[in-house]
Amino acid sequence: MPVGFIGLGVMGTPMAAHLARAGHSVSGWSRSGRNHAAARAAGIDVCDAVDEVFADCETLILMLANDDAIDSVLDRRGAAFAARVEGRLLINMGTSSAAYSQTLAAQILAAGGRYVEAPVSGSRVQAEAAQLVILLAGTDDDLAVAAPLLAPMGRQTVSCGSVPSALRMKLAVNLYLITLVTGLAEAVHFAEAHGIELERFAQVLNAGPMASDVSRIKLDKMARSDFSVQASITDVHKNSALVADAAREVGMHAPLINASDALFAQAQRAGLGALDMAAVLQAVRAGPDHA
């Protein structure tokens, strides 16, 4: 029986393609349809309607942008929800709040379905290279099915426990990622303000102990003003808000993520949402706005 893959976006299309290359029969669909041609070229059977995916598949992977998209695809508040989840394993690879995922898991279980959290660490580059780190949460039985199925998409799968522990882990990882890229943007702006050539700045940073795959990729994009999307400002702002909210929920002092969240919000308001997260440099350069 084919595996369903719903959400053929910037990340989802290469992820589904890796499943197809690994020998799985993949039935795919996305709301926008923008990447359907690329998906077909990668060996994915693209369906005309989402109901076809549910009809064909007992295991469905969701790689969707936000909670509203998940609710819409599952018809979570409608009559079709029970039929779409009953007897099926739903693997949610998107990023939501822990509370949302926990509530969704309970609702799916009550309707006779099964649910696994599988958010990923990585962006388009890692998705294309099958180098994502896949975080898993669910029952042991469900993880025994999900882990080998998802393995072709990533370099490692990590079991985090029961729902929503994978999403909590993802938010902790994202706190570091988002503040890292924001700090890098401020360092680039500091170098510019002091007349330091960015090529030489990159040479020094990339040779030193702070260098990482993320810093090298994002610094190169900032230096060349190449903001073609790998992880968009819109998506990162969604994530920074989730992290900041989760920190507030436990009464945690989190000055770095709060400052980063404010800068990504400013970049979003400035119309940069479709650009890569490296474009937060533009908000740093602009200085504070008072919206």
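Biologist: Are Asp71 and Arg76 buried or exposed?

Modeller: Asp71 is buried, and Arg76 is buried too. Buried means under 20% relative accessible area, exposed is over 50%, and partly exposed is in between (1.4 Å probe, protein chains only). Before we go on, this is a predicted model, so local features need pLDDT of at least 70 and side-chain atom pairs count only at pLDDT 80 or more, while totals for chains, interfaces and linings use all residues. Residues are numbered from 1 along each chain as its sequence is written, and side-chain values use heavy atoms, with hydrogens and water left out.

Biologist: What does Asp71 form with Arg76?

Modeller: A salt bridge, with the closest N and O atoms 3.2 Å apart. The cut-off is a side-chain nitrogen of Lys or Arg within 4 Å of a carboxyl oxygen of Asp or Glu.

Biologist: How many salt bridges in the whole structure?

Modeller: The search finds 13. One of them joins the side chains of Arg285 and Glu192, at 2.5 Å from N to O.

Biologist: Which helices do Arg285 and Glu192 lie in?

Modeller: Arg285 is in α14 (residues 280-286) and Glu192 is in α9 (residues 165-193), so this pair ties together parts 93 residues apart in sequence. Helices (H or I, at least four residues) are DSSP runs, numbered from the N terminus. Arg285 is partly exposed at 31% relative accessibility. Glu192 is also partly exposed, at 28%.

Biologist: And Arg248 with Asp245, where do they lie?

Modeller: Both are in helix α12 (residues 233-249), 3 residues apart, or about one turn of the helix. Asp245 is partly exposed, at 36% relative accessibility.

Biologist: New topic. How many disulfides does the search find?

Modeller: It finds 0. The test is a pair of cysteine sulfur atoms within 2.5 Å. Cys47 is in no disulfide, and its nearest cysteine sulfur, in Cys57, is 6.9 Å away. Cys57 is in no disulfide either.

Biologist: Is Cys47 buried or exposed?

Modeller: Buried, at 4% relative accessibility. Cys57 is buried as well, with a relative accessible area of 1%.

Biologist: Which residues form the negative surface patch?

Modeller: Asp45, Asp48, Glu52 and Asp56. Patch residues have over 30% relative accessible area and no salt bridge; like charges are joined within 9 Å, and nonpolar side chains (Val, Leu, Ile, Met, Phe, Trp, Tyr) within 5 Å. Asp and Glu count as negative. Glu52 sits in helix α3 (residues 50-56) and is partly exposed, with a relative accessible area of 34%.

Biologist: What follows α1?

Modeller: Gly23, with a positive phi near 105°.

Biologist: Last one. Where does Ile178 sit?

Modeller: In helix α9. Ile178 is buried, at 2% relative accessibility.

Biologist: How many residues apart are Ile178 and Ile233 in sequence?

Modeller: They are 55 residues apart in sequence, and 11 Å apart in space, C-alpha to C-alpha.

Definitions and conventions. Areas by Shrake-Rupley, 256 points an atom, 1.4 Å probe, with all protein chains shown as cover. Charge placed at Lys NZ, Arg CZ, Asp CG, Glu CD. Helix = DSSP H or I, 4+ residues; strand = E, 2+ residues; numbered from the N terminus.
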